[in-house]
Amino acid sequence: MKKIFLLLISIAFISCSNNDDSQTPDVGLGLDVPAELEQYYTRITFTEDKEANYDALRKHTVDNHEDILSYGQRHDFLYNADADIANTDNVTLMYSSESRYWEEYTSGSNMYMPQTFNTEHVYPQSLLRMRDAVTDLHHLRSADATVNSNRSNLPFVDGSGTYMRIGNGWYPGDEWKGDVARMILYLNVRYREKIEKVGSIDLFLKWNVEDPVSAFEEQRNNVIYAAQGNRNAFIDNPYLATLIWGGDAAENKWQ
């Protein structure tokens with residue numbers, strides 16, 4: 001059933017994205033939105049004004065978030081979003097990068113044993129201000145239960161190599177730092193969750209540049225889009241973060 005669901009998600013994304021091939025969005029600044037994303041971004045314009053870009057993307061992201069899921073509903077979508085690209089019967093775990101059978105998720109309603117991984121709030125649940133942010137799939141990740149516990153609610157700090165605790169902070173690992181950055185930036189735009197609670201804007205902009213978007217992130221974005229109705233725009237184009245916060249230019253995928 002899991003593989004069939006992923007196929008249906010792909011079909012739905014392609015169909016939804018191509019309902020009106022004649023309508024090309026004018027997003028400004030010469031940005032060339034890919035055909036599969038044209039419909040989603042058709043009503044947003046980016047300019048040289050950073051604050052205006054933030055406000056426009058925030059409104060767009062909020063307006064398109066049509067389905068506010070319950071926390072329990074994450075089980076219906078998260079393991080498809082986190083599917084191991086090399087083996088879709090498994091999920092790829094945050095931080096540790098391990099591949100585990102998808103039914104090993106921890107839940108009182110799950111009869112499968114063993115249960116080895118649970119749900120990580122990349123922006124810690126205890127620090128969130130907005131109730132709806134708790135259930136937003138764009139920052140929920142499958143993670144090994146022990147690793148999740150070790151991370152706790154520590155803020156992110158810079159480092160190198162694999163995941164580790166550094167003093168009173170947490171380094172997510174070279175492979176995941178860009179993913180983390182784009183999740184945190186999304187939470188700020190969508191809910192105005194404060195970046196300084198979990199790191200710094202300079203750090204996340206740096207990681208957004210250093211760790212480019214992966215096929216795994218794109219998969220997550222498409223599955224979550226089908227579930228919630230909105231996308232993480234910084235996965236679609238990391239350069240949008242540059243247009244909002246400045247700093248070194250991130251990869252521009254819309255050239």
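A salt bridge is a side-chain nitrogen of Lys or Arg within 4 Å of a carboxyl oxygen of Asp or Glu. By that criterion, the side chains of Arg231 and Asp236 meet in a salt bridge with an N to O distance of 2.8 Å, and the structure holds 12 salt bridges. This is a predicted model, in which local features need pLDDT of at least 70, side-chain atom pairs count only at pLDDT 80 or more, and totals for chains, interfaces and linings use all residues. Residues are numbered from 1 along each chain as its sequence is written, and side-chain values use heavy atoms, with hydrogens and water left out.

**Arg231 and Asp236**
- Arg231 is buried (under 20% relative accessible area; exposed is over 50%, partly exposed in between; 1.4 Å probe, protein chains only), with a value of 3%.
- Asp236 also counts as buried, at 6% relative accessibility.

**Asp82 and Arg220**
- Asp82 forms a salt bridge with Arg220, and their closest N and O atoms are 2.6 Å apart.
- This pair links distant parts of the chain, 138 residues apart: Asp82 is in the loop between α3 (74–81) and β1 (83–84), and Arg220 is in helix α7 (residues 215–228).
- Helices (H or I, at least four residues) and strands (E, at least two) are DSSP runs, numbered from the N terminus.
- Asp82 and Arg220 are both buried.

**Arg100 and Glu98**
- Arg100 forms a salt bridge with Glu98, with the closest N and O atoms 3.0 Å apart.
- Arg100 is buried at 15% relative accessibility, whereas Glu98 is partly exposed at 31%.
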